[in-house]
Amino acid sequence: MLDALFINMTLGLGLDTGGTYTDAVIIDLANNEVLFCTKSHTTREDLSIGLRNVMMKVPKEYIPDIGVVSLSSTLATNSVVEGKGCRVGLICIGIDYDNSVKSDYSVEIAGGHDLHGNEANPLDEEAARKFLESIKGKVDGLSINGFLSVRNPDHENRIKEIAKSILNVPIVCGHELSSGLGFNERTSTSIMNARLIPIIDDLIKSVKKVMTELSIRAPLMIVRGDGSMMGEDIARERPVETIISGPAASLIGAMMLTGRKDAIVMDMGGTTTDIGILRNGRPRLDPEGAVIGGKRTRVLAADIETSGIGGDSRFLVNGPCLVLSSLRVMPVCLAASEWDCVAEYYKNLSSEKSRPTPAALGEDNIVLDSEMFRTLNIPEDKSIITSSDLALLELLREHPYSLVQAGEKLGLHPLSFNIHKMESLGYIQRIGVTPTDILHAEGSYTEFNAEASKTAVKYLADHLGWDSEKLITEAKKKIKYKLCMELMKVVFHEEEATTISDTSRSMLWKAFFHEDSKDYSCSIKLNQPIIGIGAPCGVYIRWVGEALNTEVIIHEHSSVGNAIGAITSSISEVLDILIKPATIGITESKVEVFSKMGNSVHENLDEAMKYAEEMGRKYVLEAIDRSGAEDVSIDVDVERKTFKYGNCKDFGDDNPLIEVHMTIRAAGKPKQFEVNP
């Protein structure tokens, strides 16, 4: 019966690695129907483990009909933020770099071009050769960046040729990644890209290995930060473009699930909440490039606001205050359902009297009796932590302990452990009260051990002299306020308002909770619906919709929206071309064309425009073909900028042309493996 059911059906396997869970979905690509979905815990120390675990859950009857696989991942973003990656050499041509993203070895050599693409200084090839010989065997990647290489990439290309003859490592040129001005941002992006190449390559190899084990003979696609797909070969060359891949996939998934082309999307996971906007069926992009780890890049990506609040955010008591922290912890209810010893600990805790917690300057320095710890990882170089910390890590490998329990077991004082340091390095994880526990204690969501959550919540309430009901009410208010404020920041940013004053915060509070003061009240209504994505969204995002008087859409498969977006997106390749008169205001001026393909000079604007479009179409078609696209369409967008004289009215064609921006975009669906031949 199954054979008859699946004959001639082509399926897609979508994968997403989030901060807490790794998701998988099987979709009928003919009608985008979700046939199967599942989750597995993300293994941060090695994402491939979590991916393998979730892929192995796919029912065997679907395997032969999988025609394409697509992956969105947090790996690139996390690696940049955490400073991970391979050893990189850097060659700067004609200008020094501000080192905002550091390389391992660097040199500045003579060369570079001017704004018209003319050579400003001769290229010092000898200095480049000397540097390349000196770093041979010491680097795993090379970044080459020339001054105004976006106007003429000849010097970067020449150094790349020389480097290929000396080094056997991946080589990245700045002009290959961005056509925008901004030498430092372009250089930062290329360094990040070079560092990420072996990391993404390992991830792709891991996924391909599991595909082989499962006999999945299908192309593997990777999701870009703008929500489009690219082939694995392109991803290996330009892994930096996978930054913000997961949140971008959530926007595509939200649109596919709901059919809405204009909406605000809130993707709430265990670790963070990502907020983005859909405009006319596309994610709103950040025109200046994504900001990752406080560093501006030249990576075209969805304009996403990421907030440190999720289902696994930490609730704690700091003196007289209940605090919602961005620290990701393991929910008490989940830990108690996984370890009997944890369930027993919280059962016994119910008979213990809560001890007061003094206010502390740093929330990370507070450890409550209602919190336990588990080992995530042990460093290979054990000299970087103390012997006491190493003993704690080894003990916690058995099962979770509270610090008091661990101290008694090891004969050490609980305060002798460097908890904050080990948490920040990812060696241990705290078990504590989270928004997920608040729902369990309330009884509105009880998938795991609700009794453990109730005990831990009561313990916190006792700290504050409250009952559990009051703590749950105040905790829900903090969650609601945080989510609403983060959404309003996105909306205000859209309207170019950048700060929220104390008065505004007071008014927003009244609006969110529909509270009146003696003399006035406030109300806010969003003009766009909110689409909730992620496992916890069914409860929390509805609170936001109630506060902001707008429709909230929660699809039955919203918990795996990112993976759905990963497999239902389109392949896309974009080329930006700049066309400028050599002399502004001179009608008979020759016209220059600049792109990552190089520069050229033409007799007039018509000739330049025709050349640019023909060359651009050929480039994007060749590029998208490398990613394995079919049913390709091409859009050409032209934006003219003319000079306006003061406050005078537009004189039409009499206004001198400053420049023309031509954007050529090719889009198509991935070629599918021919199933059921």
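In this predicted model, helix α2 passes helix α7 in a right-handed crossing. To find the pair, look for α2 at residues 47–55 and α7 at residues 183–213. Their axes come within 10 Å and cross at roughly 25°. Angles under 35 degrees count as roughly parallel, and α2 and α7 are therefore roughly parallel to each other.

Which residues make the contact between α2 and α7? From α2 come Leu47, Ser48, Leu51, Arg52 and Met55, while α7 brings Leu203, Ser206, Val207, Val210, Met211 and Glu213. Sorted by class, this contact of α2 with α7 holds 7 nonpolar, 2 polar and 2 charged residues.

Now let us turn to the backbone, further along the chain. Most residues other than glycine have a negative phi. With that in mind, have a look at His514, which is not a glycine and yet has a positive phi of about 50°. You will find His514 in the loop between α18 (502–513) and β22 (530–533). Its relative accessibility is 45%, so His514 counts as partly exposed; the class lies between buried, under 20%, and exposed, over 50%.

Where does Asn549 lie? It is found in the loop between α19 (537–547) and β23 (552–553). The phi of Asn549 is near 55°, a positive value in a residue other than glycine. Asn549 has a relative accessible area of 33% and is therefore partly exposed.

Definitions and conventions
Residues numbered from 1 in each chain as written. Predicted model: local features only at pLDDT ≥ 70, side-chain atom pairs only at ≥ 80, totals over all residues. Heavy atoms only, no water. Axes fitted to C-alpha atoms, helices over the stretch in contact; angles between N-to-C directions. Helix = DSSP H or I, 4+ residues; strand = E, 2+ residues; numbered from the N terminus. Parallel < 35°, antiparallel > 145°, perpendicular 65-115°, else oblique. Left-handed = near helix turned anticlockwise from the far one by under 90°. Contact = heavy atoms within 4.5 Å. Nonpolar A, V, L, I, M, F, W, Y, C, P; charged D, E, K, R; others polar. Buried < 20%, exposed > 50% of the residue type's maximum accessible area, 1.4 Å probe, protein only.
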